[in-house]
Amino acid sequence: MEPGTVVWRETAQSLLRQKWLIMACIVLGLIGASVFALSQTQRWTASSQLVIGPAVPPALVGKLPSSTDKTGPLGMDLPAETQARVMASPRLLRTVAESLGLPTSDQTIQDLAAVTRVKAVTDNAYLVTTDGPTAAQAVQRANAIATTYLKQRNDAAKALLTTLASQAQDRAKTATAQSRSLVSQIDEAVQRGDTQTASQLRDQRVGLATEARQAADDAAAMRKALTGVGAGSELVTPATTDTASSSPMVARDILVGGILGLVLGFGLALLRSHLTPYILTRDQAARASSSPVIAASEGNRRRFWHRSAPELPQYEITALGAEASGALARRELNPRSFGGGGAGALLVVSASTSPNAAGIALAMAEANARDGRETLLVLADVEGTPVLPHVTGHEGLTDLVVEPAATRAIRARKLFRPGTVADLYVLPPGLNHEETASAVGPSLVPGIIADLPPGYSVVIHGPAAVGRHGISPLAAAVEASVLVVQVGHDKEMDVARLTAALHYAGAPVLGVVLIGASDHDETLGIPLNYTPTESPTPHIR
């Protein structure tokens, strides 16, 4: 199988394992979008389109004096974006509000400006879009903005043309009056015989007459242009009444909310799967322990806020222990031979405190005893939860601390208590809870195991760390070990460190008993590059 296929498979399985998180995010997105959509005020939208041409004929604009403003209402020199801003300006909207009979307060004008949008489609075409509480009011506003701007533009052009015509007429009258005043001066010069002065005065009179005629013509042209002001500007597409409101769009908002919730759910699921330090799958457990998963039990996933390991029912613990014991026997995974007449010993340990590890050790010991082998269960976890109430009141491992070394083996044999099935014996943790006994007690286990007669099989349950010596005292007493891993509770780094410590101490991990595996986890639970032993070896006796 290609590496990319494995990655996609693990990603899909991680999403499937956290389907409830994804579904919760989708529901949250749908609820949030519904609340947002239904809380919005109903709004209607209308649009109108107008075209703006020169308010004054271009030929006349070119003849205007150089000091005359030829932008804005007169020509097309004003940028289209600027005219769009003028249409949506509060000054124009105040006039629009007055024409529609709306209040002209600053707040009303600001609200109207907030829902008004003017776009310059081309250099002289504009699209006016506005919102209203009803369809009819939205249409009235859109059309009123367009017509008000055209009216103001035309009124400004007419006012300017009237002023310019009046100024031209005044220039014509002034030139005519000056021309007439030169007639008497010319006559006086002729009578004096001053031909040169008379000629100069005649030239001035001709120039004044020409200026008067030009000014009169300009005034007439201005007056004539007044009748054609705004001929190139009109409302080409008035706004019409919509049949549906533009807001709220409940279906669209809910769809967007669902999509956002789905994306959020996928993101959180992937982050949780790839960034969490906890073991969540069979492959993670196998990779951390460098050994296959030999037994697995489905269970509730651990939540972000709840990391305690729940205690499994007794029947499930028994089934896990029997499955693990059978897997060790069938697959013959034990790398060592238990020859030489010594007792075969196995350590059952968990990376963190778990109420299930002791029960699984008991179940494995029971399965071993049912196969007809005398089995000793050593409960080396002196602070753990009792799994055999009928033997917890007896002396045990920690009480051997005060026993002399010469008689410790004999004393230990007397502390063995009958277990729950035939051929099963239990060495309980004892009642001595002093600091010295708790620290030194587990280190006595190797000597006890070494003094057992031939034929015994030993199952030891102990904590991941014992006193100041770590796992070494218990690992020294066994040939191999089995890890109990709780999904969502044990960290991958802790399991890897415990595996390395056991291997270094001479108790390699044979397999993993996984608790809380997801029913969607279809991985094999075998570490990468795992190769079983070439020659079969005897299993735990």
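Contact is taken to mean heavy atoms within 4.5 Å. Axes are lines fitted to C-alpha atoms, for helices over the stretch in contact, and angles between N-to-C directions run from 0 to 180 degrees. The structure is a predicted model, in which local features need pLDDT of at least 70 and side-chain atom pairs count only at pLDDT 80 or more, while totals for chains, interfaces and linings use all residues. Residues are numbered from 1 along each chain as its sequence is written, and side-chain values use heavy atoms, with hydrogens and water left out.

The protein contains 17 helices and twelve strands; these are DSSP runs numbered from the N terminus, with helices (H or I) of at least four residues and strands (E) of at least two. Of its 541 residues, 45% are buried, where buried means under 20% relative accessible area, exposed over 50% and partly exposed in between (1.4 Å probe, protein chains only). Among contacts between residues at least 6 apart in sequence, 81% join residues at least 24 apart.

Eight strands form an open sheet of mixed pairing, in the order E5-E12-E11-E6-E10-E7-E9-E8. Strands E5 (293-298) and E8 (417-418) stand at the edges with a single partner strand each, so one side of each is left without a neighbour in the sheet. Two strands are counted as paired if DSSP finds at least two bridges between them. E8 is joined to strand E9 (residues 424-427) by two bridges, and the two run antiparallel. Pro418 has Tyr425 in E9 as its bridge partner. Helix H10 (residues 282-289) lies across E5, strand E11 (480-486) and strand E12 (509-517), and runs at about 150° to E12.

Helix H7 spans residues 135-192 and includes Thr148. Thr148 counts as buried because its relative accessibility is 10%. Leaving aside residues up to four places away in sequence, Thr148 touches Leu92, Thr95, Val96 and Ser99. Ala189 is also found in helix H7, and counts as buried because its relative accessibility is 0%. With the same exclusion of residues up to four places away, Ala189 touches Asp194, Thr197 and Ala198. The C-alpha atoms of Ala189 and Ser199, ten residues apart along the chain, are separated by 9.1 Å.

An unreviewed UniProt entry lists residues 20-38 and 254-271 under "transmembrane region"; such annotations may be inferred rather than shown by experiment. In the model, residues 20-38 are 100% helix and 0% strand, with end C-alpha atoms 27 Å apart. Residues 254-271 are likewise 100% helix and 0% strand, with end C-alpha atoms 25 Å apart.
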